[in-house]
Amino acid sequence: MSDTAIVWFRRDLRLDDNPALSAALHSGARILPVYIHAPAEEAPWAPGAASRWWLHHSLTALDAALRARGTRLWIGQGESLAQLRRLAKHSGARAIYWNRLYDPATRTRDTEIKQQLRAAGLDCASHNGALLFEPWEAATGSGGPYKVFSAFWRHCAPRLTDLPAACTTPAQIPGAEVEGGDTVDALGLLPRIRWDQGLAEAWTPGEQGARMAAEQFLADRLSDYGELRDHPDRPATSRLSPHLHFGEIGPRRLLALTRAALPTSPDTGEDAFVRELGWREFAHHLLYHFPHTPEHPLDARFADYPWREPPHDELLERWQQGRTGIPLVDAGMRELWHTGWMHNRVRMVVASFLTKNLRLPWQLGARWFWDTLVDADLASNTLGWQWTAGCGADAAPYFRVFNPVRQGERFDPSGTYVRRWCPELARLPDKVLQQPWTVSNGLARGHYPAPMVDLAQSRREALAGWEEIKS
Ligand SMILES: Cc1cc2nc3c(=O)[nH]c(=O)nc-3n(C[C@H](O)[C@H](O)[C@H](O)COP(=O)(O)OP(=O)(O)OC[C@H]3O[C@@H](n4cnc5c(N)ncnc54)[C@H](O)[C@@H]3O)c2cc1C
């Protein structure tokens with residue numbers, strides 16, 4: 001009888017291009033696919049409500065894919081180490097394979113688990129299934145981490161051609177059976193009060209949904225991506241971020257599909273879409289080297305920034321609910337609440353509004369995104385918030401305060417995006433849509449609120465705060 005190997009699935013919820021699964025199969029062992037729900041081990045960044053919704057559906061899809069290949073997903077809850085030990089004992093497994101995660105809490109946990117399991121005589125092998133490059137592979141001339149994206153990407157882009165090929169989906173998986181295990185439902189990931197209808201309309205979680213989204217994007221939208229990617233009024237981007245976060249499609253597979261879709265483009269990584277995947281790599285590079293950044297600014301001067309004095313609750317709530325009175329900000333916040341996603345350009349605008357016009361600490365915004373985004377990702381969220389607040393690596397200079405009116409006029413010129421999410425403004429003409437407070441006839445604005453701050457005045461206050469700390 002052949003050996004048994006546990007494949008411990010985490011945020012690599014796919015069978016294609018899954019290096020841990022592939023290595024386990026290669027060993028000739030029977031496979032015990034396992035998922036352990038242990039949110040406490042990810043504290044203080046346990047998955048938020050929108051991520052849990054996604055996870056429920058993604059696990060369901062993974063289980064179905066495994067069943068179609070002759071096995072199933074064994075699901076457990078509670079302490080990961082104890083569960084893995086118990087499973088190894090019951091199944092007689094001698095080896096455990098997984099793909100690496102890079103956020104501080106899971107890194108610490110995984111190191112501990114590896115030590116303990118090895119001490120107990122088990123083989124443990126971890127692989128890179130989440131990134132094109134390991135976060136420690138890129139180093140500056142002096143051996144330190146990169147803090148500027150362009151330099152980081154200059155280092156990485158020429159190496160894209162040397163990456164190992166993505167491994168393929170196994171046709172069959174010789175499964176090892178172990179009694180017990182929970183159902184996905186038993187994890188209680190879905191909300192008790194069903195607010196998730198908008199999410200269900202917008203997304204198809206799981207590996208098949210990821211592949212379909214990638215293929216559709218590459219066939220229909222890749223060629224215009226560079227030109228249109230900043231326009232929230234156009235469906236121009238891939239919307240692959242949640243699929244990438246949960247590992248339903250691997251970045252190497254996505255890169256290979258992109259190359260195949262653009263066969264004539266030189267393989268330099270200059271292509272606009274591959275460059276965005278580069279930002280995802282950069283985010284992980286930063287989080288790996290600066291693990292304090294989900295809570296603390298990378299630029300230490302910002303620890304003394306004069307944020308608005310509490311209480312913040314009322315201001316924060318109006319921002320969260322999309323009732324700021326600034327159309328592009330409100331459209332973005334409502335899109336987020338309804339679909340669990342927001343366009344990148346609008347993420348920058350709403351983050352700038354919160355941190356600069358309202359002068360609320362960026363950590364409050366990052367937390368709200370964490371709970372509401374289906375693609376909530378500690379590396380990318382931290383980078384995005386610190387970049388916009390001006391306190392991160394390669395950040396937007398602090399004095400660049402996004403003007404939501406100008407941004408709306410430029411990137412949503414005919415108001416399609418604002419009208420979709422703020423229907424009470426639908427009848428305003430284009431030229432005032434982004435600043436409805438300039439309309440003398442208040443009735444035309446319906447119940448839409450007046451702006452909660454004066455954009456010019458609040459911008460000056462934000463810049464004054466920067467003057468206080470900049471030296
Ligand atoms: C304040 C703020 C918070 C953010 N929080 C997150 C987050 O929690 N999770 C997340 O995945 N992205 C986050 N982003 C980055 C970006 O907004 C999303 O990755 C992007 O909007 C996802 O849409 P898409 O898949 O259509 O992107 P596309 O334009 O199609 O890009 C393809 C992929 O590249 C990656 N990517 C693109 N832009 C970035 C970027 N700026 N930083 C890192 N990766 C990028 C994503 O994985 C994305 O799926 C944040 C940005 C900001 C400004």
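View 1. A polar side-chain atom of Glu-276 lies 3.1 Å from a nitrogen atom of the ligand, a polar contact being a pair of N or O atoms within 3.5 Å. An oxygen atom of the ligand has a polar side-chain atom of Thr-237 at 2.6 Å, and an N or O atom in the side chain of Asn-344 is 2.7 Å from an oxygen atom of the ligand. Of the 820 Å² of accessible area that the ligand has on its own, the protein covers 95% (Shrake-Rupley method, 1.4 Å probe). The model is predicted, with pLDDT of at least 70 needed for local features and 80 or more for side-chain atom pairs, whereas totals for chains, interfaces and linings use all residues. Residues are numbered from 1 along each chain as its sequence is written, and side-chain values use heavy atoms, with hydrogens and water left out.

**View 2. The shell around the ligand.** The ligand is surrounded by 28 residues, of which Tyr-225, Thr-237, Ser-238, Arg-239 and Asn-344 are the closest; a residue is counted if one of its heavy atoms lies within 4 Å. The shell divides into 14 nonpolar, 8 polar and 6 charged residues, where Asp, Glu, Lys and Arg count as charged, Ala, Val, Leu, Ile, Met, Phe, Trp, Tyr, Cys and Pro as nonpolar, and the others, Gly among them, as polar. Domain 2 (131–164 + 208–289) and domain 3 (300–469) each give at least three residues to this shell, the domain bounds coming from an automatic or database assignment.

**View 3. A positive phi at Arg-239.** Although Arg-239 is not a glycine, its phi is positive, at about 55°. Arg-239 lies in the loop between helix 8 (222–228) and helix 9, and is also among the residues closest to the ligand. Helices (H or I, at least four residues) and strands (E, at least two) are DSSP runs, numbered from the N terminus.

**View 4. Two cis peptide bonds.** The bond from Ala-43 to Pro-44 is cis, with omega near 0°, and Pro-44 is placed in the loop between strand 2 (30–37) and helix 2 (49–67). Pro-310 and Pro-311 are also joined by a cis peptide bond, with omega about 5°, and Pro-311 is found in the loop between helix 11 and helix 12 (313–320).

Methods. A polar contact is a pair of N or O atoms within 3.5 Å; within protein, one must be able to donate a hydrogen and the other to accept it, and residues adjacent in sequence count only if both atoms are side-chain atoms.
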